[in-house]
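Please describe the arrangement of the chains, the sheet and selected elements in the structure below.

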Number of protein chains: 2
Amino acid sequence: MGSSYVTLEQVAQHAGVSLATASRVINGSTRQVSQRLRDKVNASAEELGYLANASAQTLARNSSSLVGLLVHDIADPYFSSIARGVTRQTEEQGLVTVLGTTHRSAQKESTILAALRAHRARAVVLVGSRSTDEDNNARLVREIEAFQEQGGRVACVSQPGLPADTVSPDNQTGASELARHLIAQGHRRFAILAGPTNLSTARERLDGFHSALSTAGLELEHHNIVHGDFTRDGGYESTQRLMRLGTDATCLFAVNDVMATGAMAALREAGIRVPEELSVAGFDDIPTLRDLTPALTTVRLPLERMGERAALMALEADHEGGPRTVNVQGEVLMRESTRPPADHTG
Amino acid sequence: MGSSYVTLEQVAQHAGVSLATASRVINGSTRQVSQRLRDKVNASAEELGYLANASAQTLARNSSSLVGLLVHDIADPYFSSIARGVTRQTEEQGLVTVLGTTHRSAQKESTILAALRAHRARAVVLVGSRSTDEDNNARLVREIEAFQEQGGRVACVSQPGLPADTVSPDNQTGASELARHLIAQGHRRFAILAGPTNLSTARERLDGFHSALSTAGLELEHHNIVHGDFTRDGGYESTQRLMRLGTDATCLFAVNDVMATGAMAALREAGIRVPEELSVAGFDDIPTLRDLTPALTTVRLPLERMGERAALMALEADHEGGPRTVNVQGEVLMRESTRPPADHTG
DNA sequence: CTAACCTGGGAAAGAGTTTTCCGGGGGATC
DNA sequence: GATCCCCCGGAAAACTCTTTCCCAGGTTAG
């Protein structure tokens, strides 16, 4: 045992050159080094099994090869799909991904951002709906700016309005189009599992859906909107609540697939058949949930690509101008979980 | 703009003490510092917004707060469930998780392990079935040992036989018990989606299932064993292959839930009803897949806890003796996707 | 022929912590 | 009142790398 580290100095000695020259060879610096020495140094490094000490490099360069990835819950397939895209991109660039899970705690978020700052992370990708809590939001903005002042880059997925590059699905349009499709199917009375009231994603989808109904001259009654957790269990409970209160809706829109899954489970338990008695639609098209039966009508988002794109933006050379925004359009997928309502003739 | 870092020296000056004293206060060193100076230093650090430079610490201590987590694919819910457990544990200890995804490439695995070594990562958790490829295996063992010689700790999930602490499900027993339950239901002829031939997990589950059949005096015909990818699509394709070849099985055992999902999709498309015409069973009890219909008969593994446990072992104080192994027992869950075969009377 | 220039390589100064080693001062003991 | 300790604070080395500055030697231009 014992730390048998090979340092650059040892490589240099072995190659019979100075430390500086060895460094120049190893990281292909601006300055030229003769081919002869270059070969010698590389051979020595190879022979001794040299592996540069990353912390020393970070200290000297004041920038590391770490890229932060912040999600609420890595076991949630929405986040893990995006995470896959992010890691694909970072690993392609030879960078190392740091995974931080916040579980929707502002405090954990702060802690992780501080750690990334301490590590001189090169960039961070923030994933997940932005809360509308003002205090919390101000804190996040401060932390992002602190990170940026250190020379770090920040990109967000689904968190518009922050001082950083953003990849954002067009939730409003997606939900509106979905609503139009459902209206075209003959639905007139809707119930909505709207998720938490303070998440922008949930609100945008609700708004988009709502506005399409308004445009079509349809009401959305207040008691048909149920708020709850953005999770499978949240959807399950919200649906039970909805059923307890009674609803005359012919179609249930859950603002994400995960909640829709819980909804379908609750309906199944209650003996309500989908889509015969009630249509159900979701949002996201989570890959893992594509095999539910009936297949879920939803709005497809290219989650993995969104993650990839965000990472790419965060890692691109510095660009001029303010933060950029990439808008991603969803694609409505009408599948088995929705059909014209029973009383619909047409 | 520009790097406005607060260094420990500045904190020390502001507090009117030496650098060493400040350091001792900040990281509660062994040596005592009077309460008066202690307060002064802490106040100064707070006031200046001091954040220790992690790379400098790593360089000085020769050990970082990084913990590696290697999985094949973070979007696979099997891995993301385990990842959740790992991050829960690491974050509780104030450590930072580095996520590496190998996509079953030995080369990527090497690259990431080298990066973790370069960063003086404190520990690494390797998740995922170990390939039986001898060369690759030898390489992995060498890399693990190199990591350990540096003072890093290694723990594995589902990778028995490596020179490291291991959390391993008892695949054999789980599969055997599942088989016994299915036999008790009346099944006599089985087909198996056996996954890749060279993954220990897949093989153990196949073996366990097989041996239970043998014990019961049942044959497992060769043409009823299909190998394929350990993924949803692998299960889908394997099932199609099985159907093309024709099978007289009354029960299909997919060696993991993800493949079982693909199998159910293929069967549904082919118009074969589950469980009326064919029973289907899986393994793992992936949380995200619990809402499939019919609900999948499977063997539950506490995936999140397994990840947590592995991280815990990797982070515990050094212990004497060789690598430890924790065996995890699965629990057979008979659900809707299996039932006595149609021709079964009793 | 000399001055300016260019090229390649070496010495050394950081980068920010931790930690060891010393020394000084104060308290306790006799 | 002196001696021995102990306690606490400070100076400095170490950790490994990057990068700037400088110098030697050779080349080109005037």
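## Basis

This is a predicted model, in which local features need pLDDT of at least 70 and side-chain atom pairs count only at pLDDT 80 or more, while totals for chains, interfaces and linings use all residues. Residues are numbered from 1 along each chain as its sequence is written, chains are lettered from A and ligands numbered from 1 in the order in which they are written, and side-chain values use heavy atoms, with hydrogens and water left out.

## Relation of the chains

Chain A is superposed on chain B by a rotation of 180° with a shift of 0.1 Å along the axis, at an RMSD of 0.1 Å (least squares on C-alpha atoms of residues with pLDDT of at least 70 in both copies). This is the relation of a two-fold axis. Of the contact residues of chain A, 100% recur in chain B, so the same surface serves both copies (contact: heavy atoms within 4.5 Å).

## The sheet

An open sheet of 12 strands has the order β11(A)-β5(A)-β4(A)-β3(A)-β1(A)-β2(A)-β2(B)-β1(B)-β3(B)-β4(B)-β5(B)-β11(B), with mixed pairing. Strands are DSSP runs of E with at least two residues, helices are runs of H or I with at least four, and both are numbered from the N terminus; two strands pair if DSSP finds at least two bridges between them. The edge strands, β11 (325-328) of chain A and β11 (325-328) of chain B, each pair on one side only. On average, neighbouring strands are turned by 20° against each other, direction ignored (axes are lines fitted to C-alpha atoms, for helices over the stretch in contact; angles run from 0 to 180 degrees between N-to-C directions).

## Strand β5 of chain B

β5(B) (165-169) pairs in the parallel sense with β4(B) (153-157) over 3 bridges, where B:Asp165 stands opposite B:Ala155. It also pairs in the parallel sense with β11(B), over 4 bridges; there B:Thr166 has B:Thr325 as its bridge partner.

In β5(B), 5 of 5 residues are buried (under 20% relative accessible area, 1.4 Å probe, protein chains only). B:Asp165, B:Val167 and B:Pro169 lie on one side, and B:Thr166 and B:Ser168 on the other.

α5(A) (77-92) lies across β1, β2, β3 and β4 of chain A together with β2 of chain B, running at about 80° to β2(B).

α6(A) (106-118) has 13 residues and spans 18 Å from first to last C-alpha, close to the 18 Å expected at 1.5 Å a residue (1.5 Å times one less than the number of residues). Its buried residues include A:Glu109, A:Ile112 and A:Leu116. Their cover includes α7 (134-149) of chain A and α4 (54-61) of chain B. Just after α6(A), A:Arg120 has a positive phi of about 55°.

Definitions and conventions
Buried means under 20% relative accessible area, exposed over 50%, partly exposed in between (1.4 Å probe, protein chains only).
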